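Dear colleague,

Please find below the structure for your review.

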Amino acid sequence: MPRLRVLSYNIHKGFSASGARFLLADIKDAIRSVNADLVLLQEVVGENEWKRKAISSWQDGQFEYLAESLWPHYAYGKNSVYSHGHHGNAILSRYPILRWANVNISVWRVSSRGLLHTCILDQLHIFNVHLGLFKAERNKQWELACKAIEQRVAGGAPFILAGDFNDWNLKLHPAIKGALSVREALAQLQGKPARTFPAVQPLLRVDRIYFRGMELTDAGRLDHRRWRRLSDHCPLWAEFEVDFRLPPARKRIWS
């Protein structure tokens with residue numbers, strides 16, 4: 001069967017964990033080394049006028065820069081909008097994105113959050129999410145996200161839900177599995193989701209790759225020295241067997 005490799009990564013807006021160094025070019029090289037078919041990114045900057053003036057190597061449209069030449073199809077959902085720019089989630093794909101939507105799951109005005117949904121092959125749904133820092137906020141955001149997923153995924157159609165859940169104490173983990181009948185890639189192999197934050201010494205299990213309707217063949221956390229000097233999160237990857245044909249690239253799309 002064809003195999004599909006997925007990477008999920010909070011890139012910290014292109015900065016090192018401390019915020020002292022802008023490392024987007026290094027992040028780009030590292031992401032490419034994974035050879036993923038789908039890349040789900042959180043904390044991706046669409047535009048920042050202040051940083052553009054202050055940093056000579058600054059790149060607006062980080063999703064376009066990261067996707068260049070390797071992922072011809074991409075979607076970007078701006079979530080946090082401010083006077084000098086915006087940032088949000090992005091999905092890069094080797095396969096055509098047939099439709100997309102960025103669902104607003106914000107609970108508080110000071111913490112804008114979204115669920116980015118794309119569909120490839122008209123049957124595989126991809127959801128990218130970044131939930132809030134506080135328990136009450138996360139719980140409500142999850143209710144909104146779950147409702148949106150149930151409305152958008154028909155019957156038993158396969159889908160992937162990945163991102164930064166900020167669910168460090170695993171309180172939401174059983175609810176996510178039960179509500180959507182999904183499995184989590186690293187938990188299936190190791191018993192629990194992987195520790196991914198902070199990258200320099202991972203302690204908290206905040207990043208996940210949930211899936212349904214596919215067979216997991218392998219998964220892992222990228223935590224060697226190359227990755228620990230980049231963002232404040234370790235990336236996760238997973239590889240699946242799929243029982244449908246994967247088409248050639250055709251076009252690209254963004255919000």
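A residue is called buried when its relative accessible area is under 20%, exposed when it is over 50%, and partly exposed in between. Please bear in mind that this is a predicted model.

By this definition Glu 239 is buried, because its relative accessible area is 15%. Arg 3, at 44% relative accessibility, counts as partly exposed. The side chains of these residues, Arg 3 and Glu 239, meet in a salt bridge with an N to O distance of 3.3 Å. This pair links distant parts of the chain: Arg 3 lies in strand E1 (residues 3-10) and Glu 239 in strand E12 (residues 236-241), 236 residues apart.

In total, the count comes to twelve salt bridges. Among them is the one between Asp 60 and Arg 52, whose closest N and O atoms are 2.3 Å apart. Asp 60 is partly exposed at 24% relative accessibility, and Arg 52 is partly exposed at 38%. Another joins the side chains of Asp 223 and Arg 228 at 3.9 Å, N to O. Here Asp 223 has a relative accessible area of 23% and Arg 228 one of 30%. Salt bridges with shared partners also join Arg 3, Arg 5, Glu 239 and Glu 241 into one network.

The largest cavity has a volume of about 40 Å³. Its lining consists of Lys 135, Arg 138, Asn 139, Asp 167, Asn 169, Lys 171 and Leu 172. These lining residues divide into four charged, two polar and one nonpolar.

With kind regards

Note on methods: Residues numbered from 1 in each chain as written. Predicted model: local features only at pLDDT ≥ 70, side-chain atom pairs only at ≥ 80, totals over all residues. Heavy atoms only, no water. 1 Å grid on protein atoms, 1.4 Å probe; cavity = no way out; pocket = protein on both sides within 12 Å on 5 of 7 lines; lining within 4 Å. Points joined across faces, edges and corners; volume = space filled by probe spheres on them. Nonpolar A, V, L, I, M, F, W, Y, C, P; charged D, E, K, R; others polar. Salt bridge = Lys/Arg side-chain N within 4 Å of Asp/Glu carboxyl O. Helix = DSSP H or I, 4+ residues; strand = E, 2+ residues; numbered from the N terminus. Buried < 20%, exposed > 50% of the residue type's maximum accessible area, 1.4 Å probe, protein only.
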